[in-house]
Amino acid sequence: MNDLKKLFEIADRETSAGHPKAAIQAYQRILEQSGLNSKAQHLAHWGIGDIHLNNKQYDKAEAHLKKAVELKPDEPIYHYLLGCTYRYINNVEGALHHLRKAVDLEPGREQFWGELGWVVGFNQDTAKGIQYLKRSLAINPANPNSLRDICMLYVKIRKWAEAQVCIEEALKHDPDNPLIRQIEKDVEFFRSEFDRLSGKAGG
């Protein structure tokens, strides 16, 4: 077990240093040496899957994250990452299944609600997606990812005032965040473009 601990330390260090190949090699050695140690196995599959996901190698990420889920089905982060993987390869049903599982297992994680909200809102039900994104922002009003996504859904249905309310609430919590300011500019751009095109259509 001591050897496995050293290999995990190597994998973590190489990942932090931006050396994904070396990290994966360490994780592969863990898989080879861990035998029936299911904890070491699912952690290694998680590590490899996460690296592949970050590098947009979605087929490889899917294979390892599915294995992690099989070995430890009650771990919410595995479902979340597999759901994200399915989102990126446009497997909406797969994404929804695992993202819903993630929020069921750990409803207090803002990013879980945020990702679920975007997938639902963009692909199925805008209003329901907004509800889920509100759950994310209730946990952290200044989360730029959830803020961007809820604002884009509001833009989609031209609810400019509602988007601005979310932006103003985020700025109360993080007034110097440039990402929030950029979201505000983006919403204003879409609004001005809509007004301009509406004016042309009316004319």
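Start by selecting Asp 59: at 62% relative accessibility, this residue counts as exposed, because the cut-off for exposed is over 50%. What you have open is a predicted model, so keep that in mind as you click around. Asp 59 belongs to helix 4. Asp 59 and Thr 85 sit 26 residues apart along the sequence, but their C-alpha atoms are 8.5 Å apart in space.

**Stop two: helix 4 and helix 5**

The axes of helix 4 and helix 5 are 9 Å apart, and the two pack at an angle of about 150 degrees. Are they roughly parallel or roughly antiparallel to each other? Angles over 145 degrees count as roughly antiparallel, and helix 4 and helix 5 are therefore roughly antiparallel. Their crossing is left-handed. To see who touches whom, show side chains: on helix 4, the contact includes Tyr 58, Ala 61, Glu 62 and Leu 65, while helix 5 brings residues including Tyr 78, His 79, Leu 81 and Thr 85. Sorted by class, the residues of this contact are 10 nonpolar, 2 polar and 2 charged.

**Stop three: helix 2 and helix 3**

Next, pick residues 20-33, which are helix 2, and residues 38-54, which are helix 3. Their axes come within 9 Å and cross at roughly 160 degrees. That makes helix 2 roughly antiparallel to helix 3, and this crossing is left-handed. Among the residues making the contact are Ile 24, Tyr 27 and Leu 31 of helix 2, along with Leu 43, Ile 48 and Ile 51 of helix 3. How many charged residues does the contact of helix 2 with helix 3 have? It has none; the classes here are 11 nonpolar and 5 polar.

Zoom in on Phe 112. Leaving aside neighbours within four places in sequence, Phe 112 is in contact with Pro 76, Ile 77, Tyr 80, Ala 102, Val 103 and Glu 106.

**Stop five: Thr 126**

Jump to helix 8, residues 126-139, where you'll find Thr 126. Is Thr 126 buried or exposed? At 14% relative accessibility, Thr 126 counts as buried, since buried means under 20%. Beyond its neighbours within four places in sequence, Thr 126 touches Gly 121, Leu 153, Lys 156 and Ile 157.

**Last stop: two loop residues**

Most residues other than glycine have a negative phi. Now click on Asn 90, in the loop between helix 5 and helix 6. Asn 90 is not a glycine, yet has a positive phi of about 65 degrees. Asn 90 is also exposed, with a relative accessible area of 68%.

Finish at Arg 158, in the loop between helix 9 (144-156) and helix 10 (160-173). Phi of Arg 158 is near 60 degrees, again a positive value in a residue other than glycine. With a relative accessible area of 46%, Arg 158 is partly exposed.

Terms used:
Residues numbered from 1 in each chain as written. Predicted model: local features only at pLDDT ≥ 70, side-chain atom pairs only at ≥ 80, totals over all residues. Heavy atoms only, no water. Contact = heavy atoms within 4.5 Å. Helix = DSSP H or I, 4+ residues; strand = E, 2+ residues; numbered from the N terminus. Buried < 20%, exposed > 50% of the residue type's maximum accessible area, 1.4 Å probe, protein only. Axes fitted to C-alpha atoms, helices over the stretch in contact; angles between N-to-C directions. Parallel < 35°, antiparallel > 145°, perpendicular 65-115°, else oblique. Left-handed = near helix turned anticlockwise from the far one by under 90°. Nonpolar A, V, L, I, M, F, W, Y, C, P; charged D, E, K, R; others polar.
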